[in-house]
Amino acid sequence: KPLIRLMLYGFHRIKETIAFENVAAGLEYLHSYPEKPVIHQDIKPANVLIDSNGNYAITDFGISVKKDVDCYYEDANSGTLVYMAPERFNGNATPLPESDIWAFGATLFEIVTGDVPFGDEGGLAQANGAPIPNIGQAIPQEIKKLIYACLDKNPAKRPSAQDIVDFIIRRRLKKDRLKYIILTLAFATVLFKQSNILQRLINKSVAQDTIKKTHRETNKNKMI
């Protein structure tokens with residue numbers, strides 16, 4: 001199913017972290033292709049599919065090109081306007097991997113907020129001075145920073161697809177460590193409680209034995 005279909009029905013925030021990881025990994029593969037890096041040129045929700053297991057994949061390579069091949073954007077129709085980076089509106093602009101990253105950032109922005117960052121004009125609005133809109137949704141600050149970095153007006157300041165994948169891996173490891181610490185603390189708490197209960201039972205048992213022994217000795221003394 002296309003990601004756009006879920007977004008149209010109001011599910012634009014479903015598993016956004018998985019979308020980050022899967023699409024970023026796909027771009028990293030394309031941009032580091034051994035012969036020549038492949039530039040997709042039309043990253044957008046409609047070109048991201050979701051399978052029955054919840055995995056995301058990039059599709060529609062109709063206008064994709066290889067980096068450093070003699071080509072340029074013939075017109076504004078070489079892609080989808082609202083997901084086109086600002087540099088693509090320069091005359092005879094050559095395809096860049098960084099433009100895919102900007103489109104990826106615009107896609108993430110839309111997944112999180114439900115709206116594209118620069119309206120119908122896309123990167124043209126940013127080229128004309130429009131600032132990156134704030135993300136008001138309650139998501140981790142580091143995710144917001146990632147999206148803002150992808151949407152940077154300067155292509156050289158955007159993270160690479162590999163940078164994004166590394167960020168996601170570090171974040172996952174950090175969360176896994178946190179889960180491990182929480183589980184360890186929870187387990188230690190359970191053991192502590194159980195040890196306290198056991199100690200109370202032992203104390204109670206010792207106290208009962210002492211009382212019984214005292215009664216026996218008292219009865220014995222009475223008999224004497």
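A cavity here is a set of points, on a 1 Å grid over the protein atoms alone, where a 1.4 Å probe fits but cannot get out, and its volume is the space filled by probe spheres set on the points. By that rule, the largest cavity in this predicted model has a volume of about 50 Å³. Among the residues closest to its centre is D42, so let's take a look around that aspartate, which is buried.

**The cavity**
- The structure holds one cavity of 30 Å³ or more.
- Its lining (residues with an atom within 4 Å of a point) numbers 11 residues, and Q41, D42, Y83, R88 and A103 are the closest to the centre.

- D42 sits in the loop between β1 (38–39) and β2 (48–50); strands are DSSP E runs of at least two residues, numbered from the N terminus.
- The relative accessible area of D42 is 9%, and buried means under 20% (1.4 Å probe, protein chains only).
- At 2.9 Å, the side chains of D42 and T80 form a polar contact (N or O atoms within 3.5 Å, one able to donate a hydrogen and the other to accept it).
- Beyond its neighbours within four places in sequence, D42 touches N47, I63, G79, T80 and D100, with contact meaning heavy atoms within 4.5 Å.

**The whole chain**
- Of the 224 residues, 34% are buried.

**Reading notes**
- Residues are numbered from 1 along each chain as its sequence is written, and side-chain values use heavy atoms, without hydrogens and water.
- Local features need pLDDT of at least 70 and side-chain atom pairs 80 or more, while totals for chains, interfaces and linings use all residues.

How values were computed:
Helices (H or I, at least four residues) and strands (E, at least two) are DSSP runs, numbered from the N terminus. Buried means under 20% relative accessible area, exposed over 50%, partly exposed in between (1.4 Å probe, protein chains only). On a 1 Å grid over the protein atoms alone, a cavity is a set of points where a 1.4 Å probe fits but cannot get out, and a pocket is an open set with protein on both sides within 12 Å along at least five of seven lines; lining residues have an atom within 4 Å of a point.
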